[in-house]
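Visitor: I am new to this structure and would like to learn how to read it. Could you take me through a few features, one by one?

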Amino acid sequence: MELALREAEQAFEEDEVPIGAVIVHENRVIASAHNQRERLRDPTAHAEMIAITQAAEALRSWRLEGCTLYVTIEPCPMCAGAILQARIPTVVYGADDPKAGAVRSLYQLLEDSRLNHRCTVIPGVLADKCTEIIRRFFQKQRALGKK
């Protein structure tokens, strides 16, 4: 999670919503990303989406079996859907997202028995640090008259 937080800090410095994601396979980091929606002008350029693409390339497979995704904020519905499609078995996240969270807060997509894949979810890892960087970012944005 510390590596995901470093990615979030990089996003903060780039004036992106500071969310970071890291994917580990067999104790080795195979993907590391942060939000890049502003830079890429792409609504799908969430940290998780970019990391999933990197991991699929690293493993040369769309099936990310045996991987663990670490992400600083609870994934949204789009990212939760991608996690399920990629067959990622374990998701570790930091802070809950009461406005868009699709893992525990608003929906429980990753553990929904009606879907063809489910994940083990470990919430709340370094939650205070993950919440703090988001808080600082939006406080800065409000001070600048943005968002």
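Guide: Let us begin with D112, which is buried, with a relative accessible area of 14%. Buried means under 20% relative accessible area, exposed means over 50%, and partly exposed lies in between, using a 1.4 Å probe and protein chains only. This is a predicted model, in which local features need pLDDT of at least 70 and side-chain atom pairs count only at pLDDT 80 or more, while totals for chains, interfaces and linings use all residues. Residues are numbered from 1 along each chain as its sequence is written, and side-chain values use heavy atoms, with hydrogens and water left out.

Visitor: Where does D112 lie, and which side chain does a polar contact join to that of D112?

Guide: A polar contact is a pair of N or O atoms within 3.5 Å; within protein, one must be able to donate a hydrogen and the other to accept it, and residues adjacent in sequence count only if both atoms are side-chain atoms. Here the side chains of D112 and R114 are joined by a polar contact of 2.6 Å. D112 lies in the loop between strand 4 and strand 5. Helices (H or I, at least four residues) and strands (E, at least two) are DSSP runs, numbered from the N terminus.

Visitor: H117 is in the loop between strand 4 and strand 5 as well. Is H117 buried or exposed?

Guide: H117 is buried, with a relative accessible area of 12%. A polar atom of its side chain lies 3.0 Å from the backbone oxygen of I88. Contact means heavy atoms within 4.5 Å. Not counting residues up to four places away in sequence, H117 touches L84, R87, I88, P89 and L110.

Visitor: How do I read a sheet?

Guide: Look at which strands pair: two strands do so if DSSP finds at least two bridges between them. This open sheet has 5 strands in the order 2-1-3-4-5, with mixed pairing. Its edge strands, strand 2 and strand 5 (120–122), each pair on one side only. Strand 1 and strand 3 run antiparallel and are joined by 5 bridges; V22, for example, has Y70 in strand 3 as its bridge partner. Strand 3 and strand 4 run parallel, also with 5 bridges, and I73 is partnered by A95 in strand 4.

Visitor: Why is strand 3 described as largely enclosed by the rest of the structure?

Guide: Because 6 of the 7 residues of strand 3 are buried.

Visitor: And what is a nonpolar core?

Guide: In soluble globular proteins, nonpolar side chains tend to be buried together. A nonpolar core is a set of buried Ala, Val, Leu, Ile, Met, Phe, Trp, Tyr and Cys residues joined through side-chain atoms within 4.5 Å. The largest one here has 44 residues, of which I23, I52, L64, I83, I88 and L110 touch the most other members. Helix 3 gives the largest share, 5 residues. As for I83, its contacts beyond four places in sequence are I52, L69, P75, I88, V91, L110 and C119.

Visitor: Which residue does UniProt give as "active site"?

Guide: The unreviewed UniProt entry places that feature at E48; such positions are given in the numbering used here, feature names are shortened, and annotations may be inferred rather than shown by experiment. E48 is in helix 3 and is buried, with a relative accessible area of 3%. Leaving out residues up to four places away in sequence, E48 touches I19, A21, L69, V71, I73, P75 and C79.
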